[in-house]
Amino acid sequence: MVLSVLLRRSSFGLLFLLALCLRVDAQQTTRGKDFYVAFLPNIHNYGITSLDSLFIYIVAEVPTSGTIQYSDGSNTFTRAFSIPNPSQVYQFAVKWSAFELLGYNQSSQYVTLNDNEKSSARVFHITASENVAVYALNHATTTADAAMLYPVPALGTEYVVLSYNADGVLTNGVPNTSYTPSEFCVIATEDNTRINVVPSVPSLASGMSTKSFVLSKGQAWLCQSDFSSSQLNYDFSGTRIIASAPVAVFSGHQRAMIPLSARSSLSSRDHLFEQLPPLSVWGSSYIITPLAQIGRAHV
């Protein structure tokens, strides 16, 4: 989770300057001129009346300009941007309700009409005349997360989803609306992209069946985990995605409780939202550092 999303804009500037220098390996970089993103369903406590917003931040090494094209599912909008001074971060924001992917339990409600396992135009397409780094933030009143975006040349055709356990509870033996699912979405960057999804757990719309579908350029496909009174904690981790052309994949959780075992003593939950790297750039050796443990002695 990105818990510092409300810090000063200068903090974003530092993150972006680091991102401009970052290369995952010889095949992948966070710098580019062409990006796609769709925002996974978050929880919005005050529904469509809330002021929650979706943000896109752009930073450049040299003066540049470009466009942000986005859709509410029916209408397409275009916002031109210019970054004359590379030391400044460009910020774009829209209200969440029309442009976030629509899923189960959005705004703490059961949603019958949603984007689950359907093609959706609720996608943002960012293009620039020079290399830029792009950061997308889904900010709600009490839950937020953000993702660094990969440009189209860094995308691939095969992915494995990394997510987290759904967070379900029972009321009188029946799952209630506080259930928040594991989720991911796929975005096509070329027309007639054929995609197969082999889920690791049942999905809300079609269970354990392999999902085969075709997307046009700039369309997204959302998938959220199923639930039942006997299984409240499905996790899409391990789900495989294979496409005929490069796709962007975003995964996470509507509002996760981590660790899940702390439900009885922990009420805090947060949205999880990250873009996944394709299998083609996975490695076999990693360096990690431990996180600080509040209230525990150092070993």
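Predicted model: local features only at pLDDT ≥ 70, side-chain atom pairs only at ≥ 80, totals over all residues.
## Rings that pair up

Phe-77 is partly exposed, with a relative accessible area of 32%. Tyr-70 itself is buried, at 8% relative accessible area.

Phe-99 and Phe-124 give an edge-to-face pair, with 6.4 Å from centre to centre and 65 degrees between the planes. That pair ties together distant parts of the chain, 25 residues apart: Phe-99 comes from the loop between strand E7 (90-95) and strand E8 (119-120), while Phe-124 belongs to strand E9 (residues 124-139). Phe-99 is buried at 10% relative accessible area, and Phe-124 is buried too, at 1%.

Zooming out, the structure holds 17 aromatic pairs. Ring pairs join Tyr-70, Phe-77, Phe-99 and Phe-124 into a cluster that also takes in Phe-39, Phe-92, Phe-250 and Phe-273.

## Nonpolar cores

Phe-124 turns up again in the largest nonpolar core, a set of 59 residues. Phe-124 is among those with the most contacts inside that core, along with Val-37, Ile-56, Ile-58, Ile-68 and Ile-126. There's also a second, separate core of eight residues, including Tyr-57, Leu-137, Ala-146 and Met-148.

## A patch on the outside

In soluble globular proteins, nonpolar side chains tend to be buried together. What about the surface here? Trp-282, Tyr-286 and Ile-288 make a nonpolar surface patch of about 440 Å². Ile-288 lies in the segment after strand E19 (270-275) and is exposed, because its relative accessible area of 74% is over the 50% cut-off.

Notes
Residues numbered from 1 in each chain as written. Heavy atoms only, no water. Patch = residues over 30% accessible without salt bridge, like charges linked within 9 Å, V, L, I, M, F, W, Y side chains within 5 Å. Areas by Shrake-Rupley, 256 points an atom, 1.4 Å probe, with all protein chains shown as cover. Salt bridge = Lys/Arg side-chain N within 4 Å of Asp/Glu carboxyl O. Helix = DSSP H or I, 4+ residues; strand = E, 2+ residues; numbered from the N terminus. Buried < 20%, exposed > 50% of the residue type's maximum accessible area, 1.4 Å probe, protein only. Core = buried A, V, L, I, M, F, W, Y, C linked by side-chain atoms within 4.5 Å. Phe/Tyr/Trp six-rings, centres within 6.5 Å; stacked < 30°, edge-to-face > 60°.
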